[in-house]
Amino acid sequence: MAEGFRAAWPMDLGAPKSSLEAKQPRPADIGLDVPDPSRYYSPEFMALEWKHVWPRVWLLAGVTPDIKEPGDFTVFTHGHEEFIVVRQNDGTIKAFYNVCPHRGNRVCLVEQGSVGSFSCPFHAWKFGCDGQLLSITEEATFDPKLIRHRPGLTEVRCDVVGGLIFINMDGKAPPLREWIGLPEGYIENYEIEKMNVVRHVRSEWLANWKTGVDAFYETYHLPHIHPQTQGVMEDYSQIDLYPNGFSRMIVPIGVKSHRVSDRAKIDPYQQFMLAEAGIDPATFEGSAEDVRVAIQKAKRARGKRFGLDYYDNLTDGQLTDSWATGFFPNVQIGMHPEGVFIMRFQPHPTDPERFYYDNMTMFRYVDDPGYTVPGWMGLPKDIDVTGEVRPEIEHIPANVKPDLGEVLDQDVELVAAVQRGVKSRGFRGPLWSEQEDRLRHFHRELDRLIGRGRNETAPADQR
């Protein structure tokens, strides 16, 4: 995007085809399907997801900075399942169902920590960090034939890419790097493995997990739900669809929305962004249309000053814009060089109209008070960003605002209202625009896995 650029649809930032920023062509067969809205509230559809989707996909289970040393572990909860993800003595990572083979008790009752071995709190059976059975309490009281297979923790397939840890339950998914439909280097260039989690919030929302995904997969709603963003964010975004349900939208930040008539006056939010980049807004001589490029140049220079060599692998746009990247099926990551904002839309164990919005703010610490994650991430001022201590997870019940910042707190109310509406007899299914292509791409891949596809949807002109 050049200085003075006024956005137009379809949004194209004009990057060369060789760039990771390049606009991807819109698929000719994207269709006009209107899914039955029952997918957002039906227990039957929830059961289909548990049968055909969740076991078959790679699920984001954690990040490598959370388990740096042998014996470090984190517990990943997904619906009714729990997994222990643990660093091994040789530096590799393994994952196991968090369930004792004796009576089904949860082996690990805390969310993170470091151990030499695991001991079931029910009867004290012990297991190594490699999942192997170490000892059975009063083993002589068991018939040897019953335990001759030496029952250890049940291992689950696990792999890592770019500091992100994934698990697959049924063991039949393609290799992780084949599953991830993003170009080579897309994730790795951010060096997430060198960041640390500085805040982790798990809040319960009164909606289906897909209602949550849908809300965060488009910027079509920005001027209406978040009008305060118009002074610092373009609400058209470049939409790119990738294989296997993956997608992204590049949201230009530091510019005014094309809807704003005054293109010259610098908005207060732009002043804040200038200050974040180390530019004094009071002495800045440019107009609002110069802000984004000025921030990019300032960040590029700051990266050199701090020895952040990985900035060399990022485009100028990546220094300001949000590459909101969808990892099918239930993750979106707002990717920035200073830090990333990971959102997981976790299904409720039993209720299709509740989900957990599980988000981690990760930051690459630089010993300079002016270096921080973008303000939109809503990081409280009193948060320790050094990464020396991994914060505990903040659990927020339903009907309580999670204090994720002004914009995200507005989304809590929006998503609940949408969930109430999709059950109305007057709603026949979503009518997605081109600005909502990511939603159509996501739901078509979901239907493909479930095996329904077009058989249970109808073209828009037949509904």
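How many residues lie between E3 and E4 in their hairpin, and which residue in the turn has a positive phi? Two residues separate the strands, and Gly79 in the turn has a positive phi of about 60°.

This is a predicted model, in which local features need pLDDT of at least 70 and side-chain atom pairs count only at pLDDT 80 or more, while totals for chains, interfaces and linings use all residues. Residues are numbered from 1 along each chain as its sequence is written, and side-chain values use heavy atoms, leaving out hydrogens and water. The average pLDDT (the predictor's confidence in each residue, from 0 to 100) of the protein chain is 93, and 96% of the residues score at least 70. Over residues 453-463 pLDDT stays under 50, and the model has 18 contacts (heavy atoms within 4.5 Å) beyond four places in sequence for them.

Helices (H or I, at least four residues) and strands (E, at least two) are DSSP runs, numbered from the N terminus. Strands pair if DSSP finds at least two bridges between them. Strand E3 (residues 72-78) pairs with E4 (residues 81-87) in the antiparallel sense over six bridges, and Phe73 stands opposite Val86 in E4. E3 also pairs in the antiparallel sense with E6 (residues 112-114), over three bridges; there Gln112 is the bridge partner of Thr74. Six of the seven residues of E3 are buried, so the strand is largely enclosed by the rest of the structure. Buried means under 20% relative accessible area, exposed over 50% and partly exposed in between (1.4 Å probe, protein chains only).

Helix H8 (residues 406-422) has 17 residues and should span 24 Å at 1.5 Å a residue; its end C-alpha atoms are 25 Å apart, which agrees. The expected span is 1.5 Å times one less than the number of residues. Buried residues of H8 include Leu408, Val412 and Val415. The buried residues of the helix pack against strands E12, E17 and E18 and helices H4 and H5.

A salt bridge is a side-chain nitrogen of Lys or Arg within 4 Å of a carboxyl oxygen of Asp or Glu. By this rule the count comes to 27. Among them are these pairs:

| Pair | Closest N to O |
|---|---|
| Glu289 and Arg263 | 3.6 Å |
| Asp351 and Arg354 | 3.5 Å |

Glu413 lies in H8 and Lys401 in the loop between E19 and H8, twelve residues apart; both are exposed. Glu289 is partly exposed at 28% relative accessible area, whereas Arg263 is buried at 12%. A network of salt bridges links Glu111, Arg202, Arg344 and Asp358.
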